[in-house]
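This text is a guided reading of a structure with its sequence. Please keep both in view while reading.

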Amino acid sequence: MKRTLPLVIVFCSGILLIIQHFIPSEESEFLYTYALDWIITVGVYAIMLGIWSLIRVTVNKARRDPGERFYAITTLAGFSFMVLTGWRAESLHAGSIFMTAFNYILIPIQATIFSLLAFYVASASYRAFRARSALATVLLLTAFIVMLRLIPLGPISKANNWLVGWILMVPNLAASRAIILGVGLGMIATSMKIILGIERKYLGGD
Amino acid sequence: MTTSELLLNGLAAFLTLCIFSFLYKDNPFYKFAERLVAGVSAGYWTMLLYHTSFHDKVIVPIFQQGYWWYIIPTILGIMMWTRFSKKWAWLSRISLAFYMGIATGTSIPVVMYAAIYKQLEGSMNQITTDATGINTLLMTIGLICAVSYFYFSKEHDGWFGGMSRVGIYTLMIGFGAGFGLTVMGRIALLIERIIFLRDYLLVLFGG
């Protein structure tokens, strides 16, 4: 019962939603919209579960390790501040305290964290892509040509821009499409495995 | 720049420097900024989801529009919280089952359309004798070879091995282009942060 019922629900709802796609009617459209709202609602409650888990882990860490206490308070204070200032519907408008905190705390920190990756990507790529084989050389050379596009190189710039355009529109497009096709087929296969009950790890133990 | 803008930009500049301090080594300033962003980010997404999802999909339909059938997903959502109880945790599987069933059921036709049909449609263009036609031909050959590289039911030797060899070279050019674009994106962000700090210092010290 505890394992069979969820598998029956997955099978029935999955098959129903696939069939619905091939029935052009108002009822079918309603079912699709309602089903999407359904998963959004369940997802919101699941996120609340995640938030509760974050608070619990942070508080437990602060209890166990006095050295972590200040940082745990920082996390909880940041979280509480955003929840308190974002409560009203007008909070999402530009100029509110909530959006100001977003613009002056979240955006600068996230942009800087991502910009830090420039240093680490450079050092990691030096170690990973040393031209040891023909394949690594091709990868390195392509990356080098693409990176040169934004640098003014005088008369070479025009030719380099054309070459980068060709790389992006021909071999890069072929590679991207091959990967998208592979990912798409993989997603369909995994979805079918879930609907048919072959893949059931998401149910957890017991 | 007004006093409040000066203070807010000062806060942003301080947090930027806190993160940059990690280039030296892990330190309390970096840890402070890292934990602050974790809390602020969680709070931001919580409230954003509250307004865009919880309010629009739970409060408005049930209490304002009187759509009683929206109570069902709400009950299922609340059942997710039974994960905290060892005795009742199995109830959350029912919610999860609906979630997985609907998500997989709706995704199959969408993925089939966007990732398979549209990609194949985009690759099946008329091959002409001009530059566009040659590029189309090269792209199609590259695509077929790259796909053949992922086909493992036949041994990669002979003509098929040659095809998959061309395929892996095509993929490497794609990865190289992706890598180059990513690095340039990161460098652009770095330049933007440095320009922000420079401008702030110029305003502060009147350069």
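The model is predicted, so local features need pLDDT of at least 70 and side-chain atom pairs count only at pLDDT 80 or more, while totals for chains, interfaces and linings use all residues. Residues are numbered from 1 along each chain as its sequence is written, chains are lettered from A and ligands numbered from 1 in the order in which they are written, and side-chain values use heavy atoms, with hydrogens and water left out.

The description begins with secondary structure, in which helices (H or I, at least four residues) and strands (E, at least two) are DSSP runs numbered from the N terminus. Chain A holds 7 helices and 0 strands, and its elements follow the order α-α-α-α-α-α-α from the N terminus. Chain B holds 6 helices and 0 strands, with the pattern α-α-α-α-α-α along its sequence.

The overall dimensions come next. The radius of gyration is taken over C-alpha atoms, and the globule rule is 2.2 Å times the number of residues to the power 0.38. For chain A the radius of gyration is 25 Å, whereas a compact globule of 206 residues would have one near 17 Å. The C-alpha trace of chain A spans about 70 × 55 × 40 Å along its principal axes; for the C-alpha atoms of chain B, the box along the principal axes is roughly 65 × 65 × 35 Å.

How much of each chain is covered? A residue is called buried under 20% relative accessible area, exposed over 50%, and partly exposed in between (1.4 Å probe, protein chains only). In chain A, 38% of the 206 residues are buried, and in chain B, 44% of the 207 residues are buried. Accessible areas come from the Shrake-Rupley method with a 1.4 Å probe, and for residues only the protein chains shown count as cover. Chain A exposes about 12,000 Å², of which carbon and sulfur atoms supply 71%. Chain B exposes about 11,500 Å², with 70% supplied by carbon and sulfur atoms.

Contacts (heavy atoms within 4.5 Å) describe how parts of a chain meet. Among contacts with a separation of 6 or more in chain A, 30% involve residues 24 or more positions apart. The corresponding share in chain B is 24%.

Charged side chains form the next topic. Side chains of opposite charge can pair when their charged atoms come close. A salt bridge is a side-chain nitrogen of Lys or Arg within 4 Å of a carboxyl oxygen of Asp or Glu. Over all chains, the count of salt bridges is 7.

One of these salt bridges pairs B:Lys57 with A:Asp37, at 3.0 Å from N to O. B:Lys57 lies in helix H2 (residues 28-64) of chain B and A:Asp37 in helix H2 (residues 26-64) of chain A, so this pair joins two chains.

Another salt bridge links A:Glu68 and B:Arg35, at 2.7 Å from N to O. Because A:Glu68 lies in the loop between H2 and helix H3 (69-85) of chain A and B:Arg35 lies in helix H2 of chain B, this pair also joins two chains. Both A:Glu68 and B:Arg35 are buried.

A further salt bridge connects B:Glu121 and B:Lys118, at 2.9 Å from N to O. Both residues lie in helix H4 (residues 91-123) of chain B, 3 residues apart, about one turn of the helix. B:Glu121 is partly exposed at 38% relative accessibility, and B:Lys118 is partly exposed with a relative accessible area of 35%. Salt bridges that share partners also join A:Glu68, B:Glu34 and B:Arg35 into one network.

Which residues does B:Ser53 touch, not counting residues up to four places away in sequence? B:Ser53, in helix H2 of chain B, is buried with a relative accessible area of 10%, and it touches A:Ile40, A:Val44, B:Leu48 and B:Val58.

B:Thr74 is found in helix H3 (residues 71-79) of chain B, and B:Thr74 is buried with a relative accessible area of 10%. Leaving aside residues up to four places away in sequence, B:Thr74 touches A:Thr41, A:Tyr45, B:Val58 and B:Ile62. The buried residues of H3 of chain B are B:Pro73, B:Thr74, B:Leu76, B:Gly77 and B:Met79. Their cover includes H2 of chain A together with H2 and H4 of chain B.
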